[in-house]
Amino acid sequence: MKPLWTQLVLGFLICIFFQACVPEQQEDQQDLPNIVLILADDMGYGDIKAYNLNSALATPNLDELAAQGMRFTDAHSGSSVCTPTRYGLMTGSYAWRTRLKKGVLSGYSQHLIEPSQLTLASLLKEKNYHTGVVGKWHLGVDFPWTTDTLPKQIDNLNYYLKDLSLIDYSEPIQNGPNTLGFDYSFLVPGSLDMSPYVYLENGKATTIPDSISPLRRFPDFVRQGEIAPDFTHEGCLDRLTEKATNFIAEQAQSQNPFFLYFPLTGPHKPALAATRFKGKSGIGPYGDLVLQVDWTVGEVLNTLRENGVEENTLVIYTSDNGSYMYRLPTEGPDHVEDSTLQGFHVQTHQSNDRWRGTKADIWEAGHRVPFLVRWPDKVRPGSTQDTTVCLTDVMATIAEILAIDLPQDEALDSHSFLPLLTGMEGFERPPVVHHSVAGMFSIRHNNWKLVLGNGSGGRQQPRGKPFEKPYQLYDLAKDPEEKRDLSGEELEVMEALEKKLEEIRAY
């Protein structure tokens, strides 16, 4: 047995060691920023005043976010529709690498992200973040079906259940957010216009669907389907906002940093704003809903401020794709005069600003999105960044912020733009690949954009088909509105870009 004095000295040294180490661990933990990632649904580049000075809409909270941080002018969603963009944001890889080669999932579709796959949430768990998702999921979950044979049309976005007994909502879902790194989840399974109209909290329905919601036409566009008694389309965004702000307020009291992924349900269809916003925009239901989205962002920012965590929180705001609102001919009515019309006259409002096309298209309006980053003492307030980035890059950027090495077989299409945020040199992004709702590809490198198809690949005419010629080539530096096709003149550029796309698709 050691002498008493030896034991006392040893105990003293152990105490000193732990006193030195524990505060350092706590200090390291406190230095990690909280992260709030807000993803709007179908918000156009031109809806926000900070991006479009001629916008007919007042967006004071988003304008404040832009003034306090960095505004990216050449940011792109991974796809021109929602599910594939969400997949890319959560995994850092393009969705066309999965079974989803075109289109989107339905509200009943099975999971798209494999449980073994690294996600933004599971990445943050490596640094002891408390992680939460509140909002529109639309990445598939495995419902507790009461039949052994799943419907063949389950991945069709128009699919709905007529038989309320086919899913046992008293049982939890499988392979949802809580198996992908999220500690807390409160979500709607798909878009707000597709059933099932039910809230899932930590994998279980808050109430069980007991009736069928009828089909409603635009602007109240809602597909027929199951609906739970505590679910209303008009009240959905408010309820999600309450859950999101509660999450922030609770986690602000914790010693651990937190991550909130807040995918909004608007301004995607249905264009149904809460009653207090109706008629306030002056340009119809779509504009009213944009006002509510801006208010929602304000509630999040206010909650961060009120709970004393504003200065140590990285806030990212973006959209999953462009707006669905068309530019309509000036000789007829528009959405202001007839709310059933999905479009505005140019002199009224341009949801997608000057960009060609609309949501779902391979042209710029389909995937060029607002992207705002606020990070006090790190990102210069009121700054603008014109470098091309993609939403898939969020994963690698956050990994670099946290000094986490990404595995080589994960986040294949993610490239850290941290140097852009901090004003340093060193961001050289490989070409960005765009993808339309019909599966049409384009590739963007510097000022050149090659479209591998003969149309929009989406909603705008001519739609064309993927990989059918003639292809399209645009010089976005000289022709940002994609009016002049140079495919017949710049053959070497065409060949180089096509070869590069093949290389990217192959790995």
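C82 counts as buried because its relative accessibility is 3%, where buried means under 20% relative accessible area, exposed means over 50% and partly exposed lies in between, computed with a 1.4 Å probe on protein chains only. This is a predicted model, in which local features need pLDDT of at least 70 and side-chain atom pairs count only at pLDDT 80 or more, while totals for chains, interfaces and linings use all residues. Residues are numbered from 1 along each chain as its sequence is written, and side-chain values use heavy atoms, with hydrogens and water left out.

**Cysteines**

- The structure holds zero disulfides, a disulfide being a pair of cysteine sulfur atoms within 2.5 Å.
- C82 is in no disulfide, and the cysteine sulfur nearest to it, that of C236, is 14 Å away.
- C236 is likewise in no disulfide, its nearest cysteine sulfur being that of C82, and C236 counts as buried because its relative accessibility is 0%.

**Nonpolar cores**

- The largest nonpolar core has 122 residues, and those with the most contacts inside it are F72, Y261, Y317 and F371; such a core is a set of buried Ala, Val, Leu, Ile, Met, Phe, Trp, Tyr and Cys residues joined through side-chain atoms within 4.5 Å.
- Helix α6, residues 285-306, supplies the largest share of this core, namely nine residues; helices (H or I, at least four residues) and strands (E, at least two) are DSSP runs numbered from the N terminus.
- Apart from this core lies another, of 18 residues, which includes Y94, W96, C390 and I504.
- When neighbours within four places in sequence are left aside, the residues in contact with Y261 include L37, L39, R86, W137 and F182, contact meaning heavy atoms within 4.5 Å.

- Strand β17, residues 441-445, is largely enclosed by the rest of the structure, because four of its five residues are buried.
- Strand β16, residues 432-435, runs antiparallel to β17 and is joined to it by four bridges, two strands being paired if DSSP finds at least two bridges between them.
- β16 and β17 form a hairpin with five residues between them, and G439 in the turn has a positive phi of about 90°.
- β17 also pairs with strand β18, residues 448-452, in the antiparallel sense over five bridges, and these two strands form a hairpin with two residues between them, where N446 in the turn has a positive phi of about 55°.
- F441 in β17 stands opposite H435, and its bridge partner in β18 is L452.
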